[in-house]
Amino acid sequence: MRTLRSIVGLLTLILTFGVVAAPADGADVQVQAASTDVHLFYYPWYGSPAVLGGYRHWQQGGHTPPDDVGSNFYPTLGAYDSYDEANAIDRHMAWVKQSGAGVVVTSWWGQGSYEDNAVPAILRSAARYGIKVAWHLEPYGTRTAESTVADINYINAKYGGSPAFYRDAAHGNRSAFYVFESLRIADWTALDQVRSSAIVLAQTTDTTKVAHFGGIYTYDGIAGATAPGWKNASDFCRANGLVWAPSVAPGYVDD
């Protein structure tokens, strides 16, 4: 599981083909047109006593919320609850819209998980602000290539009717799924079953590890400096009709 040190707050990474900065809360800025080429990873895994009955994730690393949280940065909203639609999710989506980004990629830990149960509120809020929602499929304990296919079908069927559900018009109107730590599984042949309905991205720059995927992403916020494979991955995607989604991390701390 990723540490809160680099992901607390609203946004972790800005993805794909452009970079925008989220303004400070209350800043007097002009709202930009939302770009669906810019995707932001979003983490709905926090809990608070007021909503959940206790803290979730904020205490990671031995910290004691609400004033002391497991992060280098203290969130503007304090130790908020990811289920709090009015006071947290709506604020987040307003900031996303203000930034000019058009898509959040929500962290998802399996059917019926804490993060899955947050999805309806995220979709409602995103729809109000003209934001789309894509999916970050996390490495829950029993994940396999086959279960990933089942998860994609489940998400498409359960949430595909929402006006906030992201589909890429430039790539067959398919939904988008980022598979975190895709290298944990060697054989992804099962993904061929969902190729017509989903763009599934592998987390790697090793082009020998992306058979059956529809694209590549990096996630690592410092990969641009440490992985010379970026250009090779970009060239490979361009030559093979795949989506290339390199990641950057404004404010990232790698201590």
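## The cavity and its surroundings

Guide: The largest cavity has a volume of about 40 Å³, where a volume is the space filled by probe spheres set on grid points that are joined across faces, edges and corners. This is a predicted model, in which local features need pLDDT of at least 70 and side-chain atom pairs count only at pLDDT 80 or more, while totals for chains, interfaces and linings use all residues. Residues are numbered from 1 along each chain as its sequence is written, and side-chain values use heavy atoms, with hydrogens and water left out.

Visitor: What makes a space a cavity?

Guide: On a 1 Å grid over the protein atoms alone, a cavity is a set of points where a 1.4 Å probe fits but cannot get out, and lining residues have an atom within 4 Å of a point. By this rule the count comes to one cavity of 30 Å³ or more. R174, L191, R195, A198, I199, V200, H212, F213 and G214 line the largest cavity.

Visitor: How does the lining of the largest cavity divide into nonpolar, polar and charged residues?

Guide: Its residues divide into five nonpolar, two polar and two charged, given that Ala, Val, Leu, Ile, Met, Phe, Trp, Tyr, Cys and Pro count as nonpolar, Asp, Glu, Lys and Arg as charged, and the others, Gly among them, as polar.

Visitor: Why is V210 called buried?

Guide: Buried means under 20% relative accessible area, exposed over 50%, and partly exposed in between, with a 1.4 Å probe and protein chains only. V210 has a relative accessible area of 4%, so V210 is buried. Contact means heavy atoms within 4.5 Å, and V210 touches A202, T204, I216 and F236, not counting residues up to four places away in sequence.

Visitor: How do you know that S147 counts as buried?

Guide: The relative accessibility of S147 is 18%, and therefore S147 counts as buried. S147 lies in helix α4, helices being DSSP runs of H or I with at least four residues, and strands runs of E with at least two, numbered from the N terminus. Leaving aside neighbours within four places in sequence, S147 is in contact with Y140 and T142.

Visitor: Why is S125 called buried?

Guide: S125 is buried because its relative accessible area is 0%. S125 is found in helix α3, residues 119–128, and touches E85, I89, D90 and M93, again not counting residues up to four places away in sequence.

Key: 1 Å grid on protein atoms, 1.4 Å probe; cavity = no way out; pocket = protein on both sides within 12 Å on 5 of 7 lines; lining within 4 Å.
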